[in-house]
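Subject: Structure handed over, with notes

Dear colleague,

Below is the structure I promised to pass on to you.

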Amino acid sequence: MAGTDSVLTDLTRGELETVLRAAADVALVVDSGGRILETFSGERLDSDLPGRWAGRNWNDVVTPETRPKVGVLLDEGRSHGVSRFRQLNHPLPDGTEIPIGYTAVRIGDGSRLLAVGKDLQSLAQLQQQLVEAQRTMESEYW
C-alpha cells in the first residue's frame, strides 16, 4: 500500500485524537504493566468515567470477574501485535456495569498498547430482552 504510511505518519496529535473518538467509544493507552497512561472517550459513551482512569491500573477499573481478561489482552497485544476482541465490564458508582469490548494493539517501540473499546451496553440490553422473551415463552408453554 504505497503512500499509506506517509498519510498516517502525517497525522497531528489532534487529528489522531479525533480519529480515535470517531472510531472508538473508549481508547486507552496502557503501558506494558497495565497502567493506563491516557484515555480517550467517544461521544457515544454515556459515561465520563474513562477520564478518571488515567494513572490507574487497568485491573483496578474493571470488575473482578473480568480481570483475567485484562492480562490476556496485554499478553496478546504484546506478543502478537494485536489481541482478540474481549469484553470487560467496568463498574459504575451506582452499582451497575458498562460492558466494553476491547482489542489491544501494540504501538511505538512495543512498551505501550492502545486498547480500543466499543460500548456493548445496547447489545447487552438486547441479549437480556431476548433471554426474558425466551423465559416468558417457556413459562407460557408449560
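A salt bridge here is a side-chain nitrogen of Lys or Arg that lies within 4 Å of a carboxyl oxygen of Asp or Glu. Please keep in mind that this is a predicted model, in which local features need pLDDT of at least 70 and side-chain atom pairs count only at pLDDT 80 or more, while totals for chains, interfaces and linings use all residues. Residues are numbered from 1 along each chain as its sequence is written, and side-chain values use heavy atoms, with hydrogens and water left out.

Salt bridges

A search of the whole structure gives three salt bridges. In one of them, the side chains of Glu 76 and Arg 86 meet at 2.7 Å, counted from N to O. Because Glu 76 lies in helix H3 and Arg 86 in strand E3, this pair ties together parts that are 10 residues apart in sequence; helices (H or I, at least four residues) and strands (E, at least two) are DSSP runs numbered from the N terminus. Both Glu 76 and Arg 86 are buried, where buried means under 20% relative accessible area, exposed means over 50%, and partly exposed is in between, all with a 1.4 Å probe and protein chains only.

Another salt bridge joins the side chains of Arg 78 and Asp 75 at 2.6 Å, N to O. These two residues are three apart in helix H3, which covers residues 67–80, so they are separated by about one helical turn. Arg 78 is partly exposed, with a relative accessible area of 29%, and Asp 75 also counts as partly exposed, at 44%.

The side chains of Asp 31 and Arg 35 form a salt bridge as well, with 3.6 Å from N to O. Here Asp 31 counts as buried, at 18% relative accessibility, whereas Arg 35 is partly exposed, at 40%.

The five strands form an open sheet in the order E2-E1-E5-E4-E3, with antiparallel pairing, where two strands pair if DSSP finds at least two bridges between them. Strand E2 (36–41) and strand E3 (86–91) are the edge strands, each of which pairs on one side only. From one strand to the next the twist averages 30 degrees, with axes taken as lines fitted to C-alpha atoms (for helices over the stretch in contact) and angles running from 0 to 180 degrees between N-to-C directions.

Strand E3 is joined to strand E4 (residues 97–107) by six bridges, and the two run antiparallel. The hairpin of E3 and E4 has five residues between the strands, and in it Gly 95 takes a positive phi near 95 degrees.

On its other pairing, E4 is joined by eight bridges to strand E5 (residues 112–119), again antiparallel. The bridge partner of Tyr 102 in E5 is Gly 117. E4 and E5 form a hairpin with four residues between them, and Gly 108 in the turn has a positive phi of about 60 degrees.

Surface and contacts

Of the 142 residues of the protein, 35% count as buried. The accessible surface comes to about 8,800 Å², of which 54% belongs to carbon and sulfur atoms; such areas come from the Shrake-Rupley method with a 1.4 Å probe, and for residues only the protein chains shown count as cover. Among contacts (heavy atoms within 4.5 Å) between residues at least 6 apart in sequence, 39% join residues at least 24 apart.

Glu 65 is found in the loop between E2 and H3 and is exposed, with a relative accessible area of 58%. The C-alpha atoms of Glu 65 and Asn 89 are separated by 8.3 Å, although the two residues are 24 apart along the chain.

With kind regards
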